[in-house]
Amino acid sequence: MEPYTAGESVHLLDESTQPHRPLCPPLSSLSSSFCLKTTIWSELSGAVGDLGTYIPIVLALSLVNGLDLGTTLIFTALYNAITGLLFGIPMPVQPMKSIAAVAISPSSRLSLPQIMAAGLSTASALLLLGASGLMSVFYRLIPLPVVRGVQLSQGLSFAFSAISYITLNQDLSSGKTAGSRPFLGPDGLLLALSALLFILLSSGAGVPSALIVFFLGFILCFASDPSVIKNLNLGPSPLRFMAITWEDWKIGFIRGAIPQIPLSVLNSVIAVCKLSGDLFPDREASVAAVSISVGLMNWAGCWFGAMPVCHGAGGLAGQYRFGGRSGLSVLFLAAGKMLLGLMFGNSFVRILGQFPVGILGVLLLFSGVELAMASRDMGSKEESFVMLVSAAVSMKSSAAAGFVCGLVIVLVLRIREVEFFHLLRERLCSTARSGSAHQQP
């Protein structure tokens, strides 16, 4: 990218293929969604690439708010399979993080119907934006450095959380730390550092490193507490319709949906579509399709108590980092979730409660770094400045605040380039020089 010069504008997103991309690909395209792009082992490894985000949030909601894990596993399995087919890339299905953070917070804890009301409200907003075409308009108008700032902030947030997971004991049900992690033990610092070193050494060698590390953690669930096997109940959870009162709608919308909607628009739709174009230039996801996808997923599952979900740039970065290159990757993930959900239902939460948090931190660290590195294409000082300020404000305040701040800076930079202001400045300078000349004797 050439250095910034006077008269050059901060780049907008490249929307050349967005407005004309069909919401549902043709059958010929769908048939290639599950075609093997690399190796089965790479796709399997990529399948677990976003579990560093998925497992902690699902586990916390299950322990604190009574979320039915079995129902969530089955519905998210269906989401994974369908979106993998439609988009042809390892499109992630992740929890709505802002809603989850509010729901498990002791100061603003939400009931299960209120969580579902928040998810449905957010889904309705994204469904409307996608179906009306407004999301495509936003995509065309938002400057690229602002999107990169949101991606950078999200990637760094993942990385910071990952380091905390690796080095400190975590109480996932409260979101608090409980002192330094012991060096030895089934969830010790040595285990996490060994997993980190193994992934670094095996990168590029065709080894399904994330899959191996994940299965090691799964085995340690039983090694650390063999009694969890006795507490497992065979069979899926019963399907229950969620009764949501008017009060639930009001609380869910105000506390959960209002902070979640801007995050979903920016990170779950715009950022993930831009990242999909960076990673898969021939398969960039349509913003309208992704927005509608989030809406339909939640309108299908939240009425039955399934966790509110969205797509996420961090999950896509993690799955790509560990080898996911097609919809086959998330199809493998869907098969695993469906099997566990049908076999053990909600009782599977007892096993997840024993999963080594340090290993989840290692997976999350690579996802965060991969997402943050998407911002490396900002070559000029002005673009880098916009990106870094947007990222800093996003991390200190919120993604919405960082987004608005970035837009204001871009607007100021463009005003500076308008010819009218150049002429006005020259006229003022000329007037000042003329006045100075008249004052001389």
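Mentor: Before we dig in, one definition: a helix axis here is a line fitted to C-alpha atoms over the stretch in contact, and angles between N-to-C directions run from 0 to 180 degrees. Also keep in mind that this is a predicted model.

Trainee: Got it. At what angle do H9 and H16 pack?
Mentor: H9 covers residues 189–202 and H16 covers residues 357–372. Their axes sit 8 Å apart, and H9 passes H16 in a right-handed crossing. The packing angle comes to about 35 degrees.

Trainee: Which residues of H16 make that contact, and which of H9?
Mentor: Let's take H9 first: Leu191, Ala192, Ala195, Leu196, Ile199 and Leu200. By class, the contact has eleven nonpolar residues, one polar and no charged ones. From H16 come Gly358, Ile359, Val362, Leu363, Leu365 and Phe366.

Trainee: Is Gly358 buried or exposed?
Mentor: Gly358 lies in H16 and touches Tyr165, Ile166, Arg181, Asp187 and Ala192, leaving out residues up to four places away in sequence. Leu191 is 167 residues away along the chain, yet the two C-alpha atoms are separated by 7.5 Å. The relative accessible area of Gly358 is 1%, and the cut-off is under 20%, so Gly358 counts as buried.

Trainee: Let's move to the pocket. Which helix gives the most to the lining of the largest pocket?
Mentor: That pocket holds about 880 Å³ of space and is lined by 29 residues. Helices H3, H5, H8, H11 and H17 each give two or more residues to the lining. The top contributor, with seven residues, is H8.

Trainee: How many charged residues are in that lining?
Mentor: Nearest the pocket's centre you'll find Ile57, Lys97, Ala101, Phe158 and Ser161. Sorting the whole lining by class gives 14 nonpolar and 14 polar residues. The charged count is one.

Trainee: What does Leu263 touch, beyond residues up to four places away in sequence?
Mentor: Leu263 is found in H11, and it counts as buried because its relative accessibility is 18%, under the 20% cut-off. Its C-alpha atom is separated by 6.1 Å from that of Ala399, 136 residues apart along the chain. The residues touched are Ser98, Gln154, Ser268 and Ala399.

Trainee: How far apart are Ser62 and Thr72 in space?
Mentor: Ser62 lies in H3 and is buried, at a relative accessible area of 11%. Not counting residues up to four places away in sequence, Ser62 touches Leu67, Leu69 and Val349. Ser62 and Thr72 are ten residues apart in sequence, and their C-alpha to C-alpha distance is 9.8 Å.

Trainee: And Ser136, which residues is that one in contact with, leaving aside neighbours within four places in sequence?
Mentor: Ser136 lies in helix H7, residues 134–141. At 14% relative accessibility, Ser136 counts as buried. The contacts are Val287 and Ala288.

Trainee: Last one, on the whole chain. What share of contacts with a separation of 6 or more comes from residues 24 or more positions apart?
Mentor: The chain has 19 helices and four strands. Of its 441 residues, 54% count as buried. For contacts with a separation of 6 or more, the share from residues 24 or more positions apart is 83%.

Methods: Residues numbered from 1 in each chain as written. Predicted model: local features only at pLDDT ≥ 70, side-chain atom pairs only at ≥ 80, totals over all residues. Heavy atoms only, no water. Left-handed = near helix turned anticlockwise from the far one by under 90°. Contact = heavy atoms within 4.5 Å. Nonpolar A, V, L, I, M, F, W, Y, C, P; charged D, E, K, R; others polar. 1 Å grid on protein atoms, 1.4 Å probe; cavity = no way out; pocket = protein on both sides within 12 Å on 5 of 7 lines; lining within 4 Å. Points joined across faces, edges and corners; volume = space filled by probe spheres on them. Buried < 20%, exposed > 50% of the residue type's maximum accessible area, 1.4 Å probe, protein only.
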